[in-house]
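I wanted to get my bearings in a structure that was new to me. Here are my notes, in the order I looked things up.

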Amino acid sequence: MSAAASTATPPYSAPNPNYTPTSTSSSTTGIADNFQTFLTLLTTQLQNQNPLEPLDTNQFTQQLVQFAGVEQQLKTNESLSSLLKMQSTAQTTQAMNFIGANAVVDGSKSHYDGKTAGWSLSTDKPVTAQVSIQSSTGQTVYSGKFTLNAGANQGFTWDGRGNDGAQWPEGDYTLSVVATDAAGQQATVSTQIQGTIDSVDLTQSPPMLSIGGQTFSLDQIKRVVKPGTGTTT
């Protein structure tokens, strides 16, 4: 009796030993642009699969779908990065346009330049306000009682003289306000400082504006008056 002819075992798919991965660039090539390549890889793997352990085509398809999702996320990240760069450039340009302008920002510490130090006071109702000014060492250099009407950005200027008439040196001074309304109840008075924007630090993100030696971000600016125009923005 003759022996039955043996059947050759189909080859298993294996990586090509001569294949060298190509370097990828910052611009990811889309799956749609190489769809024919994926079809070729899929067909080749199907042709060389083990008949006893056939390829799970559903799993392969899911892997392709997952790969497409990863690629979409990468493209989204690239778009967001571009938008952030554009926003940073816009903030830098806007900040540089403020140099030389007179600005009002939230704060209580103002710089006395030997002539005046200025603040803006805001209240939503008429109040009686006890105003005090302290030096950088915490010493009270001036105090007084004033009547404030309801309204925003009411200017308060100090000429550098204490209650005793003595002239105080240049430096940073802090203003504090304790106020009561007509019924004798404690009321809130917010303080802002006003001064010229003399420089912009572009190394910070977002850029920081300098007013009298203090730094502020763009979102802290409440009001800006361009030099020589009197125009408020």
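Predicted model: local features only at pLDDT ≥ 70, side-chain atom pairs only at ≥ 80, totals over all residues.

**The second largest pocket**

I began with the second largest pocket, which has 15 residues lining it; His111, Asp113, Gln194, Gly195 and Thr196 sit nearest its centre.

Next I asked myself which strands each supply at least two residues of the lining. I found strand E2 (109-112), strand E3 (117-123) and strand E9 (190-201). E9 gives the largest share of the lining, 5 residues.

I also sorted the lining by class. I got 10 polar residues, 3 nonpolar and 2 charged.

**Salt bridges**

How many salt bridges does the structure hold? I counted 2.

I took the pair Lys222 and Asp106 to begin with: the closest N and O atoms of this salt bridge are 3.3 Å apart. Lys222 belongs to strand E12 (residues 221-225) and Asp106 to strand E1 (residues 102-106), so the bridge ties together parts that are 116 residues apart in sequence. I then checked how open each partner is. Lys222 has a relative accessible area of 47%, which makes it partly exposed. Asp106 is partly exposed too, at 39% relative accessibility.

Then I turned to Lys125, which forms a salt bridge with Asp181; here the closest N and O atoms are 3.0 Å apart. This pair also links distant parts of the chain, 56 residues apart. I placed Lys125 in the loop between E3 and strand E4 (127-134), and Asp181 in the loop between strand E7 (171-180) and strand E8 (186-187).

Is Asp181 buried or exposed? I noted a relative accessible area of 16% for Asp181, and the cut-off for buried is under 20%, so Asp181 is buried.

**The whole protein**

Last, I stepped back to see the overall layout. The protein has 2 helices and 12 strands. Reading from the N terminus, I wrote the order of elements as α-α-β-β-β-β-β-β-β-β-β-β-β-β.

I looked up burial for the protein as well: of its 233 residues, 25% are buried.

My final entry is on contacts. Taking those between residues at least 6 apart in sequence, I noted that 65% join residues at least 24 apart.

How values were computed
Residues numbered from 1 in each chain as written. Heavy atoms only, no water. 1 Å grid on protein atoms, 1.4 Å probe; cavity = no way out; pocket = protein on both sides within 12 Å on 5 of 7 lines; lining within 4 Å. Helix = DSSP H or I, 4+ residues; strand = E, 2+ residues; numbered from the N terminus. Nonpolar A, V, L, I, M, F, W, Y, C, P; charged D, E, K, R; others polar. Salt bridge = Lys/Arg side-chain N within 4 Å of Asp/Glu carboxyl O. Buried < 20%, exposed > 50% of the residue type's maximum accessible area, 1.4 Å probe, protein only. Contact = heavy atoms within 4.5 Å.
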